[in-house]
Amino acid sequence: MCGQTTYLAAKPAACGVLLDTDGRVLLGRRARDPGAGLLDVLGGFMEPGETPEEAIARELLEETGLECTVGRYLGGFTDVYGDGGDHTLNLAYECRFERGTPQPADDVSELLWFAPSELPPPEQFAFPSSVAILGAWLAALG
């Protein structure tokens, strides 16, 4: 032991419930572990000095090829990234598609649009936070 105190802190991530003009939400199928093959709300880890809004716009562009407008804040959701992995604090926003052609990239194997009434069941998602984020979004719809 070196005598240094270490604190376990959650890693910040930004997530976007990306909507098209018909109000459908875009979800990604994970290409890699943790949760390869399962669905996920799109987003990722924040870079140093980046705001959550900047991070989600960057992540959505990287993962989907789509530019978006970041809208209302949906909340903060905790999770664990993989079995025994890092704790995360996921800051979620509703986002609106602006331009681009959807193309899965980065760590996404497939992009799928869902109407609010047709969202997949919780067991099809890689992370409990994705289910909680979508639940918060649905509740905000009224």
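Reader: Which residues is serine 130 in contact with, leaving aside its neighbours within four places in sequence?

Author: Contact means heavy atoms within 4.5 Å. By that rule, serine 130 meets Asp40, Val41 and Phe125, once neighbours within four places in sequence are set aside. This is a predicted model, where local features need pLDDT of at least 70 and side-chain atom pairs count only at pLDDT 80 or more, while totals for chains, interfaces and linings use all residues. Residues are numbered from 1 along each chain as its sequence is written, and side-chain values use heavy atoms, with hydrogens and water left out.

Reader: What does the pLDDT average in the protein chain?

Author: pLDDT is the predictor's confidence in each residue, from 0 to 100. Where it is low, the predicted coordinates should not be read in detail. Here the protein chain averages 95, and 99% of the residues score at least 70. Confidence is lowest in S5, at a mean of 96, and highest in S2, at 98.

Reader: Is serine 130 buried or exposed?

Author: Buried means under 20% relative accessible area, exposed over 50%, and partly exposed in between, using a 1.4 Å probe on protein chains only. Serine 130 counts as buried because its relative accessibility is 2%. Serine 130 sits in helix H2. Helices (H or I, at least four residues) and strands (E, at least two) are DSSP runs, numbered from the N terminus.

Reader: What should H2 span?

Author: The expected span is 1.5 Å times one less than the number of residues. For the 14 residues of H2 (128-141) that gives 20 Å, and the end C-alpha atoms are 20 Å apart, which agrees.

Reader: Which residues does leucine 19 touch?

Author: Not counting residues up to four places away in sequence, leucine 19 touches Arg24, Val25, Glu94, Cys95, Arg96, Phe97, Trp113 and Trp137. Leucine 19 is found in strand S1 and is buried, with a relative accessible area of 3%.

Reader: Where is proline 34, and what kind of peptide bond joins it to aspartate 33?

Author: Proline 34 lies in the loop between S2 and S3. The bond from aspartate 33 to proline 34 is cis, with omega about 0 degrees.

Reader: How many cavities of 30 Å³ or more are found, and which residues line the largest cavity?

Author: Rolling a probe the size of a water molecule over the atoms shows where empty space is left. On a 1 Å grid over the protein atoms alone, a cavity is a set of points where a 1.4 Å probe fits but cannot get out; lining residues have an atom within 4 Å of a point. A search of the whole structure finds one cavity of 30 Å³ or more. The lining of the largest cavity includes Arg30, Asp40, Val41 and Asp107. S3 gives the most to this lining, with four residues.

Terms used
On a 1 Å grid over the protein atoms alone, a cavity is a set of points where a 1.4 Å probe fits but cannot get out, and a pocket is an open set with protein on both sides within 12 Å along at least five of seven lines; lining residues have an atom within 4 Å of a point. Grid points are joined across faces, edges and corners, and a volume is the space filled by probe spheres set on the points.
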